[in-house]
Amino acid sequence: MIPLFSRISAAAVLGLGLSAATAQTPERSVWFDSAGASLTESIPLGNGRLGASFFGMVEEETVILNESGMWSGSPQEADRMDAHKALPEIKRLLLEGRNAEAEALVNANFTCAGRGSGYGGGANDPYGSYQILAKLHIVDRSESSDTVVKNYRRELDLATATYRHSFERGGVGYIRESFASRPDEALVVRFTASEAGGLDLDFSLSREERMQVEPLGADALLMTGQLNDGYGGEDGVRYAGVLKASARGGEVRSEEGRLEVRGADEVIVYFTTANDIAKRSFAGRMVEDPIATAKLDLAGVESYSFEELKRRHVAAFREYYGRVSLQLGSEELAASRAKVATPQRLVDHWEGVDDPDLAALYFDFGRYLLISSSRPGGQPANLQGIWSDTIQTPWNGDWHANINVQMNYWPAELCNLSELHEPMFKLIESLVEPGRKTAKAYYDAEGWVSFLLANPWGFTSPGESASWGSTVSCSAWLCQHLWDHYLFTKDEAFLRWAYPILKDSAVFYSQMLMEDTRTGWLVTCPSNSPESAFKLANGETVHVSMGPTIDQQLLRYLFGACIEAAEILGQDPEFAAELAEKSARLAPTQIGSDGRVMEWLEEYEEVDPHHRHISHLWGLYPGNEIHPETTPQLAAAARKTLERRGDGGTGWSLAHKLNLWARLGDGDRVHKLMRALLKPADVKTPEFNFSGGTYPNLYDAHPPFQIDGNFGGTAAIAESLLQSDGKRIVLLPALPSEWKEGYVSGLRARGGFEVSLIWSEGMLKQAEVRSDFSGEVEALYGSESRSLVFAAGETKLLEF
């Protein structure tokens, strides 16, 4: 038997070496052969801040315009300043097992003051809502006698982040191209026709409320407005946008709130926008005058030709997108399936057509979405990224912190997009100061805490209901992202910045912990396992408890991160010792009499055994407390837990389960759930009746559209191919048998490593590992391992 790490030639097997194979980045697109009628059939563009969604209508097109700072609302006083006075009684009741009475007290005293998030509809409340910027209307005024449209195609080229819409009508060919440029901070749209003078187009802007439009010379429109601050005052976000049309041949004129282009050979439309959210919040472009900034951006974009603008845009986008390449299945099969329109590919795949490349398309689309909705200096990707077509975005389009915003950033490090994590870090930083007040008000504790809800205005209070709003460990989960970024990058300067945030979070939790007098364990109190309910012995349904499993796992992680960070930085040895002592007393992750991981301290009956949240498996993923090799009994219990939870679920729930099964090393279960995630969203079956699946444009279906499932699914695909903990790199840990051949390049591993892999016939053939630092790591494949010693910047090639 030849050892897996012997020097046999993968090049001989595959006909090309690793570097040559992975240099051939597959070209992929999301494409349609008909127009769309909803946001989930649109094609999204984005530069991290400015977004647009195209539906591909021929005669009357509407383009949804977005900007990440379009938030209504403003800071509010949502803390109950005397809430801590009810804490002793809440604790006493929970210790006595009187959870229903404790929950009543939590609802009365331990929720937020006022309307909080507006119960998920806060557009006109102080909490606010992320909102649509405007609609760009495009009307084709050409007088063609032939209204039949032929050769229709609209597509998003993922490798260049460009939109292209082509069709024929009346013997004339038309092409519409667009991109959202980060270097030039503009949406650019070009219209061309095969017939000279064949373009007659009208352009206008609209919004349901709070917008005025006026002409800006003969070829431009200026839109201005101010969003609701939630108090009926004039302190809301101010915004502006400029729309300009430039024609080659023909003429442009401004008429009654619209731009009219007649008889043109080519039309280029520019849209720029700015707002002043950065003056009021933690992120965004620092803008004093939105009108002046939008005009300045327009002057800049006009100084380049369309081709120059496109080249600049593509180069900036490729800086991120080009880092990773993935091929699943044969290139011949992928090329064949790529000829099928994306919505039909989803249907075919669900009906059993072999299409492993569809998962790779989904992976690339997820990377595209993160690049397009999260850039350094900006707002984090929200529940819909940056794409919303309404004033009242579902659940306010905010940052839910009991899994959703965290899932948005699960691909960031592993998929080599580490810089795009920065908006998340700034959000976390923004919660520290208001979170100090919340910690004092509710727990009379030092440090800081935040709960489920987060917005640009520093909302850290509990939610409106104890049933979902009292999960106290959300800020600990946020802090995981700070430590994990350090584990991937070993960036000590970043750690010095992040450590005070981590430490003050740990200070809060170390002070708020109470002793469960029945066991001697330290537990959080009160809290709940996110959105999940259980039954008491008397049949009552409750949510509030002491020490739900997720809390205990998160605090072990947070305390461990602080202890290690303090040692690295040479700080706070006494506090680290205190955390070590308290960590040892935290309630452990327990296995119930049925062999499953217990969700609560006691073996309660779940109200919904198939609940979408699987929070008590946080320690399996994204945590590192449970692993088949290091904790086999807990891993087996986690498997039973997943079996009982079932394979159905909302889009993001399926994505979480995908990552959990990947951590368990079950590639075939990964494939089964990947198939469920890619199920057309309108399909219902007995097994997947409540599954969201995927919309025609590959958006994740919660339903409605929530982008977290896209990012969670992207992370799961990568997690199936590569896992790491800083000391070990596991190669192809959960490869589905259906992905018999393929390659991936550019994935990142904890410890500062970059990894590329080639496999064939389900077996690894080559691995290339580059280390940013000098040091040692153990590489694992199946039952084989090798210790690799690196100099800084060294690359090692392993052939199997």
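Two strands pair if DSSP finds at least two bridges between them. Strands (E, at least two residues) and helices (H or I, at least four) are DSSP runs, numbered from the N terminus. Arg 728 has such a bridge partner in β28: Glu 778.

This is a predicted model, where local features need pLDDT of at least 70, side-chain atom pairs count only at pLDDT 80 or more, and totals for chains, interfaces and linings use all residues. Residues are numbered from 1 along each chain as its sequence is written, and side-chain values use heavy atoms, without hydrogens and water.

Start with the whole chain. It holds 22 helices and 30 strands. Its C-alpha trace spans about 85 × 75 × 55 Å along the principal axes.

A nonpolar core is a set of buried Ala, Val, Leu, Ile, Met, Phe, Trp, Tyr and Cys residues joined through side-chain atoms within 4.5 Å. Buried means under 20% relative accessible area (1.4 Å probe, protein chains only). The largest core has 227 residues, and Leu 65, Phe 203, Tyr 443 and Leu 731 touch the most other members. Beyond four places in sequence, the contacts of Leu 731 (heavy atoms within 4.5 Å) include Leu 721, Val 755, Leu 780 and Phe 800.

Notes: Buried < 20%, exposed > 50% of the residue type's maximum accessible area, 1.4 Å probe, protein only.
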